[in-house]
Amino acid sequence: MNHVIRVSGGALLAFSTLVAAAKADELFKLANNQRISCSRGLAPGKLNTATCKSYTYIFNTRTSEYYRCQVSLALTRDNKEVINVQTDGSCSKKPRIFDTDSHYAFDATETEPPNTNSFFGQGGYSIWAADTTQQKVRGCITISSGLGSDISKCLDMTFQ
């Protein structure tokens, strides 16, 4: 009987550890809309360069803070060999979408420069966030003003 209590206690402890780990895993979510854009400079008999960039968003599902992450790779080669490979990347923190903590779901997308939608520079992006504990959705759009700072506005959705 004592052995059964120990096994049951161990199973309960393992289950509660798994639940806590699952909740910790859910705190940060990766956006589903990763994109990649590449450009090439080709000239016969000369150096060729290809540059690719990709981005994603990481979202804190409790606080609605998010990060925009970007990675890039530049490859330079001649007709016979790769001469240089450079990589760069980082994540930049963005402000909260909602003022209070709750449980949020989100998605994000952005224009890929150069793009006809990029009137003032590198384009923009949109973030959609929903409070999963109530019927509350907020849509945010951020675009480059072309004057140094981005313009970002959010709007609460109404349901009819």
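Contact here means heavy atoms within 4.5 Å. This is a predicted model, in which local features need pLDDT of at least 70 and side-chain atom pairs count only at pLDDT 80 or more, while totals for chains, interfaces and linings use all residues. Residues are numbered from 1 along each chain as its sequence is written, and side-chain values use heavy atoms, with hydrogens and water left out. The protein chain holds one helix and nine strands, in the sequence order α-β-β-β-β-β-β-β-β-β. Helices (H or I, at least four residues) and strands (E, at least two) are DSSP runs, numbered from the N terminus.

**Confidence**

- pLDDT is the predictor's confidence in each residue, from 0 to 100.
- The average pLDDT of the protein chain is 76, and 72% of the residues score at least 70.
- Among the elements, E5 has the highest mean pLDDT (89) and helix H1 (residues 2-25) the lowest (44).
- Over residues 1-22 pLDDT stays under 50, and the model has zero contacts beyond four places in sequence for this stretch.

**The chain as a whole**

- The protein chain has 160 residues, of which 24% count as buried. Buried means under 20% relative accessible area, exposed means over 50%, and partly exposed lies in between (1.4 Å probe, protein chains only).
- The accessible surface of the protein chain is about 11200 Å², and 57% of this surface belongs to carbon and sulfur atoms. Accessible areas come from the Shrake-Rupley method with a 1.4 Å probe; for residues, only the protein chains shown count as cover.
- Of the contacts with a separation of 6 or more, 46% are between residues 24 or more positions apart.

**The four-stranded sheet**

- Strands of a sheet pair through backbone hydrogen bonds, either parallel or antiparallel. Two strands pair if DSSP finds at least two bridges between them.
- An open sheet is formed by four strands in the order E6-E7-E8-E9, with antiparallel pairing.
- Strand E6 (104-110) and strand E9 (150-156) are at the edges with a single partner strand each, so one side of each has no neighbour in the sheet.
- From one strand to the next the twist averages 15°. Axes for such angles are lines fitted to C-alpha atoms, for helices over the stretch in contact, and angles run from 0 to 180 degrees between N-to-C directions.
- E6 and E7 run antiparallel and are joined by seven bridges; Thr-109 stands opposite Ser-126 in E7.
- Strand E7 (residues 124-131) pairs with strand E8 (residues 136-144) in the antiparallel sense over eight bridges. The two form a hairpin with four residues between them.
- E7 is mostly covered, with six of its eight residues buried.

**Ala-130 in E7**

- Ala-130 belongs to strand E7, and its bridge partner in E8 is Val-137.
- The relative accessible area of Ala-130 is 22%, so this residue is partly exposed.
- Beyond its neighbours within four places in sequence, Ala-130 is in contact with Phe-98, His-103, Tyr-104, Ala-105, Lys-136 and Val-137.
- Ala-130 and Thr-61 are separated by 69 residues in sequence and by 9.7 Å in space, C-alpha to C-alpha.

**The E4-E5 hairpin**

- Strand E4 (residues 66-77) and strand E5 (residues 82-94) run antiparallel and are joined by twelve bridges.
- E4 and E5 form a hairpin with four residues between them, and Arg-77 has Val-82 in E5 as its bridge partner.
- Ser-72 lies in strand E4 and counts as buried because its relative accessibility is 17%.
- Not counting residues up to four places away in sequence, Ser-72 touches Cys-52, Lys-53, Gln-86, Thr-87 and Asp-88.

- In soluble globular proteins, nonpolar side chains tend to be buried together. A nonpolar core is a set of buried Ala, Val, Leu, Ile, Met, Phe, Trp, Tyr and Cys residues joined through side-chain atoms within 4.5 Å.
- The largest nonpolar core has 14 residues, and those with the most contacts inside it are Tyr-57, Phe-59, Tyr-66, Ile-97 and Ile-127.
- Strand E3 (48-60), E6 and E7 each supply at least two residues of this core.
- Leaving out residues up to four places away in sequence, Phe-59 touches several residues, including Leu-27, Ser-64, Tyr-66, Ile-97 and Ala-129.
- Ser-64 is in the loop between E3 and E4 and counts as buried at 0% relative accessibility.
- The phi of Ser-64 is near 70°, a positive value in a residue other than glycine.
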